[in-house]
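Here are my notes on this one, point by point. Have the model open alongside while you read.

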Amino acid sequence: MSLLIKNGRIVTAVDDYQADIYIHDSTITVIGKNLVMEAGRVIDAKGKLVIPGGVDPHTHLELPFGGTTTSDTFETGTRAAAHGGTTTIVDFAVQTRGASTLEGLETWHQKAAGKTAIDYGFHMIVTDMPDHRIPEMRRLSDEGVTSYKLFMAYPGVMLSDDATIFRTMRKAGEDGTLVCMHAENGIVIDELVKTALAQGHTAPKYHAVTRPTRLEAEGTHRALAIAEVAQCPVYIVHLSCYDALQEVRAAQARGVMAHAETCPQYLLLDVKAYDEPGFEGAKYVLTPPLREKWNQDELWRGLRGNALHVISTDHCPFCMREQKEQGKDDFSKIPNGGPGIENRMSLIYHYGVRGGHINLNRFVELTSTGPAKIFGLFPKKGTIAVGSDADLVVFDTEHEETISYYNPRTHHMNIDYNAFEGFKVKGFTDTVVSRGKIVIDRMEYVGRPGDGRFIKRGPYGGLYSNQDAGAVTEPPASVAGSGSPPRAA
Ligand code: DUC
Ligand code: ZN
Ligand code: ZN
């Protein structure tokens with residue numbers, strides 16, 4: 001199988017040039033000017049960008065959560081992702097509390113195998129990690145699961161106490177793996193929820209009222225402090241606000257191996273959405289909640305200044321009918337999550353690049369290269385280079401659409417609303433190549449369930465090095481977190 005992409009403008013996190021790309025089977029084998037080569041198919045990308053396929057490291061397909069299950073399957077969700085220009089997802093397998101993490105992984109393999117349109121990996125959601133289970137962590141990383149997610153929210157369901165967090169982080173740091181953290185103080189949040197309900201406040205907007213930014217900042221601070229002492233790289237998921245961002249900046253400044261992501265919903269939607277009439281605000285009951293609008297400029301600033309390293313979607317879709325409706329009379333029963341897997345690349349290109357917040361290279365870095373590096377997928381994924389997987393998007397910067405549940409070109413997700421309804425975008429995925437196979441051909445899906453493969457990820461590969469142990473001959477002079485000496489005047 002061979003494919004030649006001609007005349008495109010190739011943009012990676014660091015490059016921007018005109019050339020042709022030759023693909024043999026699943027791999028990029030030649031990049032050059034005016035290539036003359038026999039190929040099974042030639043794509044003319046004249047006037048269009050050719051960018052690395054998007055890497056979305058935060059999705060939830062077929063996730064049992066909040067008394068129901070996310071509405072996209074591995075088949076429907078990855079197909080929608082492909083339409084939007086994403087060629088790799090990292091989804092979350094879940095450990096049942098008290099059971100083996102390896103059993104959880106097996107369950108998720110069964111859900112996904114043979115179903116996906118694009119490649120996928122798994123993180124492991126850890127719900128408990130007693131000492132006797134610690135050896136499972138090395139086995140998970142041997143299986144290509146090199147990151148974990150822990151929750152500081154949802155007491156009694158997902159919440160891990162600080163001892164569990166510390167134990168997991170210490171081992172992850174030793175193994176060269178990464179801990180992702182849902183950083184919100186769920187114990188205090190539950191008190192606020194009880195009080196709101198006792199006062200008769202049942203509407204969706206109380207989801208936001210009961211999850212103040214300070215409690216996200218507190219969780220972020222605590223996660224970063226524990227990671228600092230455990231000497232473990234940490235990744236704050238779905239960071240939504242300035243208060244939490246400041247904690248990330250402070251930790252990075254003192255040398256903590258800290259990464260953070262934000263998502264399109266926090267950059268483009270705000271707390272006013274909860275005022276939509278009737279029960280419509282339930283569409284935006286996602287966690288953390290939407291914030292006051294002024295936070296958006298701060299998040300863009302964080303993305304520009306490299307305090308934030310990734311834009312993921314946290315795609316966690318629940319239909320309004322029968323799913324969100326569970327919470328009609330009690331906001332705390334609305335399943336937490338919203339859709340977005342399909343629309344990320346267009347939204348961030350239009351509102352980020354066209355909007356003047358980030359440049360084109362940074363767009364690629366935030367949506368593909370950055371997550372590929374952090375999550376051990378680079379350089380197979382996340383760039384355009386000889387030897388990399390042929391995961392490519394031909395992106396038409398002139399194509400305009402209005403994102404809508406009713407627009408068959410912008411909505412393939414299995415959910416009965418679109419969180420970005422009515423958003424106009426100029427910049428749209430035209431053609432998608434996934435490991436050398438065309439899966440979206442001029443906006444038409446031409447792939448099959450099972451085109452995608454499970455990707456065994458390598459160790460943490462982000463900005464920081466705590467794993468080049470071979471190069472270190474002396475033990476560290478001080479214990480991490482023992483304080484910084486004052487700066488010389
Ligand atoms: N956290 C997530 O990452 N996704 C959905 C809900 C949540 O709390
Ligand atoms: Zn979360
Ligand atoms: Zn999530």
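1. Ground rules first: two strands count as paired if DSSP finds at least two bridges between them. Helices (H or I, at least four residues) and strands (E, at least two) are DSSP runs, numbered from the N terminus. This is a predicted model, where local features need pLDDT of at least 70 and side-chain atom pairs count only at pLDDT 80 or more, while totals for chains, interfaces and linings use all residues. Residues are numbered from 1 along each chain as its sequence is written, chains are lettered from A and ligands numbered from 1 in the order in which they are written, and side-chain values use heavy atoms, leaving out hydrogens and water.

2. The sheet. Eight strands make an open sheet with parallel pairing, ordered S6-S9-S10-S11-S12-S13-S14-S15. Its edges are S6 (54-59) and S15 (310-311), each of which pairs on one side only. At the S6 end, four bridges connect S6 to S9 (residues 86-94), running parallel, and threonine 59 has aspartate 91 in S9 as its bridge partner.

3. Strand S12 and its neighbours. S11 (residues 147-151) runs parallel to S12 and is joined to it by five bridges. The chain gets from S11 to S12 through helix H4 (residues 162-175), in a right-handed β-α-β crossover (with the strands pointing away from the viewer, the path from the first strand over the helix to the second runs clockwise). On to S13 (residues 234-236): three bridges join S12 to this strand, again parallel.

4. Is S12 (residues 178-182) mostly covered or mostly open? Five of its five residues are buried, where buried means under 20% relative accessible area, exposed over 50% and partly exposed in between (1.4 Å probe, protein chains only). Leu178, Cys180 and His182 lie on one side, Val179 and Met181 on the other. In a regular strand, side chains alternate between the two faces of the sheet.

5. Zinc ion (ligand 2). What are its protein donors? They are Lys149 (NZ), His182 (ND1) and His238 (NE2), at 2.1 to 2.3 Å; a donor is an N, O or S atom within 2.8 Å of the metal (3.2 Å for Na, K and Ca), and water is not among the atoms, so sites may look incomplete. The spacing in sequence reads K-x32-H-x55-H. Histidine 182 sits in S12 and histidine 238 in the loop between S13 and helix H8 (242-253), so the pair ties together parts 56 residues apart in sequence. Histidine 182 counts as buried because its relative accessibility is 2%; for histidine 238 the figure is 3%, so this residue is buried as well.

6. Zinc ion (ligand 3). His58 (NE2), His60 (NE2) and Asp314 (OD) coordinate this ion at 1.9 to 2.1 Å, with the spacing H-x1-H-x253-D. Histidine 60, in the loop between S6 and S7 (64-65), and aspartate 314, in the loop between S15 and helix H11 (344-354), link parts of the chain 254 residues apart. Histidine 60 is buried because its relative accessibility is 5%, and aspartate 314 is buried because its value is 9%. The zinc ion (ligand 3) and the zinc ion (ligand 2) are 4.3 Å apart.
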